[in-house]
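Here is a walk through one model, piece by piece. Keep the picture open while you read.

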Amino acid sequence: MKLVIAIIQPHRLEYVKEELYKAEINLITVNEVLGHGRQKGVTEVYRGVKEAGNLLRKIRLEIAVNDNFVEPTIKAVIKGAKTGETGDGKIFVMDLEQCIRIRTEECGSKAIG
Amino acid sequence: MSSFREECIVINYVDTLFVLISAALVMLMTPGLAFFYGGMVRRKNILSVLMQCFVALCLLSVQWIVCGYSLAFAPGNGFWGGLSWIGLRGVGFEPFSDYSSTIPNQVFMIFQMMFAVITPALIIGAFAERMKFSAFLIFTLLWATFVYDPLCHWVWGSGGWLKHMGVMDFAGGIVVHTSAGIAALVATIFIGRRKNLEHTPSPHNLPFVVLGTGLLWFGWFGFNAGSALAVNSVAVNAFIVTNTAAAAAGLSWALLEWIRNGKPTVFGIVTGSIAGLATVTPASGFVSPFSGLIIGVLASIVCFIGVAIIKPRFGYDDSLDAFGVHGIGGMLGTLATGLFASRAINSAGANGMFFGNPKQFLIQCAGISVAVGYTFVATCIIYKFVDIFFGMRVKEKDETMGLDLTQHHERAYTVLE
């Protein structure tokens, strides 16, 4: 079991979701985050006071998958999120120790799908 | 006879107060429109919409004082007011009897200023989320000066040729809603679709849309009843007709959605109300409350078809339905005036087709054709001019990031704190 975390541009979320559904990956958690990598933030000015290098809005996806779904998940996220510009985001993949479905108390890979 | 009339001109302070308060009500409509539109865009663009509405209020208030009022309302010839009232020269406390013999010319001027402000602001709905701010300023200024001001003179101004022809437009079905709506259609076609629209963006803050609608409805009493320019039966009737049409239209839109889509929506009922208000505007001072009710129902049916069926079929991206609601509503209402107008309601008007005067309907059709034709051509020219010299549309990257950050260096909502 792996946990795939992807940071993407907000306006690409709908495309990523579409690609994930096509790959039959239906279980995702989404939240809004702030950050920047190589892409610099935008200067903001409030009543003449400059705030440089502010953080940009990004979307963070968490997708828990069984091992055979890791590659399709990564491919789907890339397909949906890639524009070729700086700021497209990153994908992190990490081992997932345990997964429990609360309703049935099932554990492990059964609980993910 | 005319010298006798001039001797009788005495300012009526109740009328004056009424029109001043109406002017303040109409002023509030522009910030109302800002929230109405602002709630509909994605949240990265709300400030840009609020800013465009607010700057229209500032910019056009100044333009009106400098030259707008003179171009629109000075007693020039049939086609423009001329320059005799430029900088408000000669516009004083004495009434100008062609407009009203009971309120000061200055009061009429400030009341009309608020119409001149909101009309160009209505067009914002067409190009929201992708227009460059600097280009917006120039476009708005040119449009107000070369489209709104002349058209206003033709329909309402002293000696205006459409007024002379007998075209009836009580509070702005042609001057405000048709002209803004047609300009919106031109702008939306020229500027093109928004990027990343494959997934239709949902309104980011529907409560703002409802708030804006509330302010607009409230202000509309000044817009329509105030257009009587006096405390009389026409003003009271217009007040009632306005409310009736808005209510009937809101109900019908919600019902249409209920039947067609399974659920009535908040967005639907407020859109319907605005469609009803826009549609009844030209008719409000000429028709009975019951006719107003029918006009309200018609407004929702026709605008619903425009927004939900025609727009998707043709694929133009009128972001916030400036054409679909104001353009279509304005034209429909102007035609409806030619059907439902009754001299029993307003003896200064004419009867419509349903009251034995089918000719009025033809006059209304002619009025609309002229307004649509002129607005279309003039807006095309102004748009192309601004686009060639300044560029109308923001860079694709800026559009993606949002106009708030890229055009104004601000953001509306924080994520942290």
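## Ground rules

Helices (H or I, at least four residues) and strands (E, at least two) are DSSP runs, numbered from the N terminus. The model is predicted, so to speak of local features pLDDT must be at least 70, side-chain atom pairs count only at pLDDT 80 or more, and totals for chains, interfaces and linings use all residues. Residues are numbered from 1 along each chain as its sequence is written, while chains are lettered from A and ligands numbered from 1 in the order in which they are written.

## The sheet in chain A

Let's start with the strands. Two of them pair if DSSP finds at least two bridges between them. Chain A has an open sheet of 4 strands in the order 2-5-1-6, with antiparallel pairing. Strand 2 and strand 6 (89–95) of chain A stand at the edges with a single partner strand each, so one side of each has no neighbour in the sheet. On average, neighbouring strands here are turned by 20 degrees against each other, direction ignored. Axes, by the way, are lines fitted to C-alpha atoms, for helices over the stretch in contact, and angles run from 0 to 180 degrees between N-to-C directions.

Now for the pairs themselves. Strand 2 (residues 29–35) of chain A runs antiparallel to strand 5 of chain A, joined by 7 bridges, and Gly35(A) has Leu56(A) as its bridge partner there. Strand 5 (residues 56–65) of chain A also pairs with strand 1 (residues 2–8) of chain A, antiparallel, over 7 bridges. Along that pairing, Ile7(A) is partnered by Arg60(A), and Lys2(A) stands opposite Val65(A). Strand 1 of chain A pairs with strand 6 of chain A too, again in the antiparallel sense over 7 bridges, with Leu3(A) bridged to Met94(A).

Which helix lies across strand 1, strand 5 and strand 6 of chain A? That's helix 2 (residues 70–81) of chain A, running at about 5 degrees to strand 1 of chain A. (Residues are in contact if their C-beta atoms, placed from the backbone, lie within 7 Å.)

Have a look at Arg47(A) as well, in the loop between strand 3 and strand 4 (49–51) of chain A. Most residues other than glycine have a negative phi. Arg47(A) has a positive one, near 45 degrees. Arg47(A) is exposed, with 4 other C-beta atoms within 10 Å; the cut-offs are 20 or more for buried, 12 or fewer for exposed, and partly exposed in between, counting other C-beta atoms within 10 Å of the residue's own, all placed from the backbone.

## Where the chains meet

How many residues of chain A are in contact with chain B? There are 10, and they touch 10 residues of chain B. Strand 2 and strand 3 (44–46) of chain A each supply at least two residues of chain A's side. The largest share, 3 residues, comes from strand 3 of chain A. By class, that side has 4 nonpolar, 2 polar and 4 charged residues. Here Ala, Val, Leu, Ile, Met, Phe, Trp, Tyr, Cys and Pro count as nonpolar, Asp, Glu, Lys and Arg as charged, and the others, Gly among them, as polar.

## Helices of chain B

Helix 8 (residues 173–191) and helix 13 (residues 322–340) of chain B have axes that come within 8 Å and cross at roughly 145 degrees. The residues of this contact include Gly173(B) and Ala180(B) of helix 8 of chain B, and Gly330(B) and Met331(B) of helix 13 of chain B. They divide into 10 nonpolar, 12 polar and no charged.

Helix 10 (residues 233–261) of chain B has 29 residues and reaches 41 Å from its first C-alpha to its last, close to the 42 Å expected at 1.5 Å a residue; the expected span is 1.5 Å times one less than the number of residues. After helix 10 of chain B comes Gly262(B), with a positive phi near 95 degrees. As for helix 11 (residues 266–280) of chain B, its end C-alpha atoms are 21 Å apart, which agrees with the 21 Å its 15 residues should span. Because 13 of those 15 residues are buried, helix 11 of chain B is largely enclosed by the rest of the structure.

Methods. Two residues are in contact if their C-beta atoms, placed from the backbone, lie within 7 Å.
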